[in-house]
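Please have the sequence and the 3D view open together while you read this note. Take the points in order and find each residue as it comes up.

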Amino acid sequence: MRRRTFVRTVGAGGVAGLAGCVGGNGGSDGSGGSDGDTATEADTGSEATTAGTAGSEPPELVVSTYGAFVDAPSTSPGPWLKETFESEFDATLTFATPDSEINYYIERSMRGVDIDADVYVGLNVDMLIRIDERLDDGLFTTLDGVAGQTDVKEGLNFDPDGRIVPYDTSYVSVVYNETMAEDGDYVAPETFDELLDPAFEGDLLTQNPTGSATGKSFLLHTIDAKGPEGYLDYWEELQANDVRVLSDWSTSYNAFLEEEAPMVVSYSTDQVYANREGQDLAKHRIRFLNDEGYAYPEGMSIFEGTDRPELAREFLEFMLRPDVQGEIAQRNVAFPATTTADLPEEFAKYAQAPPEAVTFTYDELRDNVSEWTQAWERQFASK
């Protein structure tokens, strides 16, 4: 199916935040939205039309995703993907952005209601665990032999059952303002242990891991560094050193921009956006504690029961093409998932990958993440 001559309007629901800084963590900075069942007008979609005869409407592919993927205040990949896909394939691409993200489809499936989308873009391991805990049969089909799938970087695949293909990844790190020092340049700590030094008292802003994907990634990084037996002791020392835990990424990052503190937990692509906006890069330095960054990949899959399986598969293969991977990375301010992405030299100059990426497996998180997070919450609230 090739070529078409008109473009439909992108359906979207808005979320606040910068592209990449929000888009790189699976939609809003929360853990996947509430359990509500509301959706934007585009979510309801229409019955997909059937192509194949001259003069008939091209088939519609409904791709569900998070709002910032379509209409972040800065840049988003959604509109470019729609225009490019429709220019090459005889199809209409419609984005759906339900307020409650993946929970919208979990609730529909639990009630036996038809799924009104073909593809989901923006899946993360937390969403996958939630799906598998609440649904016996899951939502997505197993993906084998998708063109470009073998080009995905080692370590980014987070679904042991092969239902999800990663399309980008972010690395959670410390971003710091080099200009915030009384004498000379501010130098951020290099290790988790050094972060506890009294010299850095009150210097770090982070996010609540119970409601923020960025904050949860940072918590998990401390668990990886200190072990399940030692991370609560480490956080007790962080609290004693006056770490500030705010509600979400946007709140903490805005506080950082207002120079309320010289360090914030954010993403290692921060300089890409800062450079694009002409900001002082000295105020956007990157620090990988212990020379590590916590990997946060996003993935995509095809809903079971879609009546557009071939077109949905073509869309996934389109998303993994080198040129498309490069565009997604730039517009979402994240790293491509594949080793073959076409990226300009400028992006590579400002997007910093950690010397070592760390993460937990699906099984490790499924069995432990709730307990780890709840234990942190009990301890932090008691102080």
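Predicted model: local features only at pLDDT ≥ 70, side-chain atom pairs only at ≥ 80, totals over all residues.

The points below cover a strand, its partners, some charged pairs, a surface patch and a helix.

1. Strand S9. Start with strand S9, residues 292–302. Eleven of its eleven residues are buried, so the strand is largely enclosed by the rest of the structure. Buried here means under 20% relative accessible area.

2. The two faces of S9. In a regular strand the side chains alternate between the two faces of the sheet. Look along S9 with that in mind. Glu292, Tyr294, Tyr296, Glu298, Met300 and Ile302 point one way. Gly293, Ala295, Pro297, Gly299 and Ser301 point the other way. Both sets are buried.

3. Antiparallel partners of S9. Strand S3, residues 119–123, runs antiparallel to S9, and four bridges join them. To find the place, look for Tyr120, which stands opposite Ser301 in S9. S4 also pairs with S9 in the antiparallel sense, over seven bridges. Here Thr169 stands opposite Pro297 of S9.

4. A parallel partner. In which sense do S9 and S11 pair, parallel or antiparallel? They pair in the parallel sense, over three bridges. S11 covers residues 356–358.

5. Salt bridges in general. Side chains of opposite charge can pair when their charged atoms come close. The count for this model is 17 salt bridges. Three of them are picked out below.

6. Asp126 and Lys216. These side chains meet in a salt bridge, 3.6 Å from N to O. Asp126 lies in helix H5 (residues 125–134) and Lys216 in helix H6 (residues 213–226), so the pair ties together parts that are 90 residues apart in sequence. Are the two residues buried or exposed? Both Asp126 and Lys216 are buried.

7. Asp132 and Arg163. This salt bridge has its closest N and O atoms 2.9 Å apart. Asp132 is in helix H5, while Arg163 is in the loop between H5 and strand S4 (165–176), so the pair ties together parts that are 31 residues apart in sequence. Asp132 is partly exposed, because its relative accessibility is 25%. Arg163 is buried, with a relative accessible area of 8%.

8. Lys226 and Asp193. The closest N and O atoms of this salt bridge are 2.4 Å apart. The pair links distant parts of the chain, 33 residues apart. Lys226 sits in helix H6, and Asp193 in the loop between S4 and strand S5 (204–207). Lys226 is partly exposed, at 30% relative accessible area.

9. A negative patch. Glu190, Glu194, Asp197, Asp224, Asp291, Glu356 and Glu364 form a negative surface patch. Take Glu364 as an example. Its place is in helix H13, residues 362–382. Glu364 has a relative accessible area of 35%, so it counts as partly exposed.

10. Helix H11. Finish with helix H11, residues 322–332. Which of its residues are buried? They are Val324, Gln325, Gly326, Ile328, Ala329 and Asn332. Val333 follows the helix, and its phi is positive, near 50°.

How values were computed. Residues numbered from 1 in each chain as written. Heavy atoms only, no water. Patch = residues over 30% accessible without salt bridge, like charges linked within 9 Å, V, L, I, M, F, W, Y side chains within 5 Å. Areas by Shrake-Rupley, 256 points an atom, 1.4 Å probe, with all protein chains shown as cover. Salt bridge = Lys/Arg side-chain N within 4 Å of Asp/Glu carboxyl O. Lys, Arg positive; Asp, Glu negative; His and termini not counted. Charge placed at Lys NZ, Arg CZ, Asp CG, Glu CD. Buried < 20%, exposed > 50% of the residue type's maximum accessible area, 1.4 Å probe, protein only. Pairing = 2+ DSSP bridges.
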